[in-house]
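Hello,

Here is the structure I promised to pass on to you.

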Amino acid sequence: MSLIPSFFGNGRRSNVFDPFSLDVWDPFEGFPFSSAVTNLPSSARETTAVANARIDWKETPEAHLFKVDVPGLKKEEVKVEVEDGSILQISGERSKEKEEKNDKWHRVERSSGKFIRRFRLPENAKLEEVKAAMENGVLTVTVPKEEVKKPEVKAIDISG
């Protein structure tokens with residue numbers, strides 16, 4: 001659950017206190033006067049719009065599952081990497097649609113540009129067995145977990 005109130009966005013954003021998330025939280029993100037975005041040139045704003053590719057991270061008893069919304073992208077346009085032995089990096093680029101001289105645009109809302117998301121994986125992640133699959137515009141990255149060995153308990157007889 002997010003500790004950030006929903007008036008700062010859609011309420012499903014990364015937890016700013018999550019030690020595994022490497023995202024930077026902008027408390028004014030989404031506001032029309034957001035200084036972080038309004039001072040950028042239009043090309044950078046486009047990249048910023050894509051930089052927040054929506055990701056769900058769920059932990060099951062067997063694995064960590066990352067689901068990334070990447071509508072309109074082909075698997076060749078997305079990269080999944082593990083770097084420094086513990087950082088999961090998901091990146092890609094959505095190309096801008098070609099403009100023809102005779103085209104008349106009425107609205108442009110779909111974002112284009114590069115995105116990159118990075119997550120610090122826990123120590124129990126099996127990095128050599130990471131798998132990724134894409135279906136219907138959703139990338140699913142599965143990071144299996146090491147089995148946690150339960151400590152062996154030996155009963156001791158009490159004399160006396």
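What percentage of the 160 residues in the protein is buried? Buried residues account for 23%, where buried means under 20% relative accessible area, exposed means over 50%, and partly exposed lies in between (1.4 Å probe, protein chains only).

Before the rest, a word on the basis. This is a predicted model, in which local features need pLDDT of at least 70 and side-chain atom pairs count only at pLDDT 80 or more, while totals for chains, interfaces and linings use all residues. Residues are numbered from 1 along each chain as its sequence is written, and side-chain values use heavy atoms, with hydrogens and water left out.

The protein has two helices and seven strands, in the order α-α-β-β-β-β-β-β-β from the N terminus. Helices (H or I, at least four residues) and strands (E, at least two) are DSSP runs, numbered from the N terminus. Of the contacts (heavy atoms within 4.5 Å) with a separation of 6 or more, 52% are between residues 24 or more positions apart.

Now to the strands, where a pair requires at least two bridges found by DSSP. Four of them make an open sheet with antiparallel pairing, in the order β1-β2-β7-β6. Its edge strands, β1 (55-59) and β6 (131-135), each pair on one side only. Five bridges hold β1 and β2 (residues 63-69) in the antiparallel sense, and I55 has V68 in β2 as its bridge partner.

Elsewhere, β3 (residues 78-83) and β4 (residues 87-94) run antiparallel and are joined by six bridges, with V82 opposite L88 in β4. The two strands β3 and β4 form a hairpin with three residues between them, and D84 in the turn has a positive phi of about 55°.

Rings of Phe, Tyr and Trp (its six-membered ring) pair if their centres lie within 6.5 Å; planes under 30 degrees apart count as stacked, over 60 as edge-to-face and the rest as tilted. That rule gives three aromatic pairs. In one of them, the ring centres of W57 and F119 are 5.7 Å apart with planes at 75°, so this pair is edge-to-face. Because W57 lies in strand β1 and F119 in strand β5 (residues 113-120), the pair ties together parts 62 residues apart in sequence. W57 is partly exposed at 27% relative accessibility, whereas F119 is buried at 4%. Ring pairs also link W57, F66 and F119 into a cluster.

Best wishes
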